[in-house]
Amino acid sequence: MRPPPSLVISMLQVSDQLLKGDKRALSKAISLLERGDPQGSVVMREVHSHAGCAYTVGITGPTGAGKSTLIARLAEDFRGKGSSVGIVAVDPSSPYSGGALLGDRIRMELHYLDPEVFIRSMATRGSHGGLPRIIKGVVRLLDAAGKDIILVETVGVGQTELDIMGVADTVVVTLVPEAGDAIQTLKAGLMEIADIYVVNKADRPGADQMVSHINAFLTTGDSDGSWVTPVLATQAIDGQGITELSKQIQRHRDFLSSTSRLEERRRERRAQELLEVLEEELGQKLRERIDKEPRLNKLVEQVRRGELEPYSSALELLKDVSSPLDWLLSSSR
Ligand SMILES: Nc1nc2c(ncn2[C@@H]2O[C@H](COP(=O)(O)OP(=O)(O)OP(=O)(O)O)[C@@H](O)[C@H]2O)c(=O)[nH]1
Ligand SMILES: [Mg+2]
């Protein structure tokens, strides 16, 4: 459904303000995406051609590893170099508990009054435990608003760890010295998601062992040999190791840019986003259709009771429909 012309005009104003870097317009546009408001499309289309200059860094790792503290320090470092910064913290917990978000806010409060830093927290609610499906859109809005560097914090819990690769140009995996179980994660094959490893809380015992442990995995796991994943020790709490981390992020950026990899990653990401939004929207339409149509409702109920087999029932249903897309999009009779 197209939004009425008057709303389009006001969305054009939002877009205009956003492109000038206005924080309120940026917040408004993100909220439109969060709500799935059709007016969000107007803004996305308007700002599209202005995005593409920002560099996105994903900081992922277990709860409490110090990701927010690292991000606050990195933001300081990038600001010191004159770059503007956008920060998106994805909170896997319920939006109602608020604990983690509040913690992030306090740690990042240093940057709150800086007009060149924009901070937004988002809940993963409703996105099957992965990243919110609009995250790529949010990053693009920050990009269009002129942020040079966008830092995305996610807690590494299975799916999100993989999802972050679809958002960030550089992925920093943050661990702590005592993260024995994290080593299991590495073994489970997730290690290829990291472009840089950080062992934070290096003031605690065991940091050196942890660094060598990870390095040992990497030397056996590094297959193409072109980017050797650095493993750094940091103490985010007092800023130690941040300069080196920032340098390595820049080095990875230079590496990606010097080959065609950066553009390849981004091309892939754009196509992926289109498919994700289509899948989500069509899935929603399908659920609405099932609710409305007694025949489909009955089928679901039979499957639920175990009278019909789910896989073949789904394919049978589609066989009866000559054009599934038209069928899905036509209003139910
Ligand atoms: N000892 C020590 N503590 C640190 C260091 N960096 C961060 N912390 C502390 O670790 C705690 C968690 O830090 P956060 O930055 O909130 O960690 P996080 O990974 O963002 O946590 P979640 O967002 O809840 O997953 C805080 O109490 C920090 O002060 C460090 O280098 N050394
Ligand atoms: Mg945090």
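The paragraphs below go from the whole chain to single residues.

This is a predicted model, in which local features need pLDDT of at least 70 and side-chain atom pairs count only at pLDDT 80 or more, while totals for chains, interfaces and linings use all residues. Residues are numbered from 1 along each chain as its sequence is written, and chains are lettered from A and ligands numbered from 1 in the order in which they are written.

The protein chain has 14 helices and seven strands; these are DSSP runs, helices being H or I with at least four residues and strands E with at least two, numbered from the N terminus. Of the 333 residues in the protein chain, 35% are buried. A residue counts as buried if 20 or more other C-beta atoms, placed from the backbone, lie within 10 Å of its own, as exposed if 12 or fewer do, and as partly exposed in between. Among contacts with a separation of 6 or more, 75% join residues 24 or more positions apart; a contact requires C-beta atoms, placed from the backbone, within 7 Å.

The seven strands form an open sheet with parallel pairing, in the order S3-S2-S4-S1-S5-S6-S7; two strands pair if DSSP finds at least two bridges between them. Strands S3 (117–123) and S7 (231–233) are at the edges with a single partner strand each, so one side of each has no neighbour in the sheet. On average, neighbouring strands are turned by 20 degrees against each other, direction ignored. At one end of the order, S6 (residues 196–199) joins S7 in parallel through three bridges, and Val198 has Leu232 in S7 as its bridge partner.

Helix H4 packs on this sheet, touching S1, S2, S3, S4, S5 (170–175) and S6, and its direction makes about 175 degrees with that of S4. Such angles run from 0 to 180 degrees between N-to-C directions, with axes fitted as lines to C-alpha atoms, for helices over the stretch in contact. H4 covers residues 67–80, and its 14 residues should span 20 Å at 1.5 Å a residue, which agrees with the 20 Å between its end C-alpha atoms; the expected span is 1.5 Å times one less than the number of residues. In H4, 10 of the 14 residues are buried, including Lys67, Arg73 and Phe78.

What surrounds strand S4? All seven of the seven residues of S4 (residues 149–155) are buried, so the strand is largely enclosed by the rest of the structure. Ile149, Leu151, Glu153 and Val155 lie on one side, and Ile150, Val152 and Thr154 on the other. S4 pairs in parallel with S1 (residues 55–61) over seven bridges, with Tyr55 opposite Ile149. Five bridges join S4 to S2 (residues 85–91), also in parallel, and Val88 has Val152 as its bridge partner.

The largest nonpolar core has 69 residues, of which Leu18, Ala29, Ile87, Leu141, Leu151, Val152 and Val199 touch the most other members. Domain 1 (1–50) and domain 2 (51–259) both contribute residues, so this core lies between them. A nonpolar core is a set of buried Ala, Val, Leu, Ile, Met, Phe, Trp, Tyr and Cys residues joined through C-beta atoms within 7 Å, and domain bounds come from an automatic or database domain assignment. Leaving aside neighbours within four places in sequence, Ala29 contacts Val14, Leu18, Gly40, Val43 and Leu141.

Ile30 lies in helix H2 (residues 23–35) and counts as buried because it has 22 C-beta neighbours inside 10 Å. Not counting residues up to four places away in sequence, Ile30 touches Arg120, Val138 and Leu141.

How values were computed
Two residues are in contact if their C-beta atoms, placed from the backbone, lie within 7 Å.
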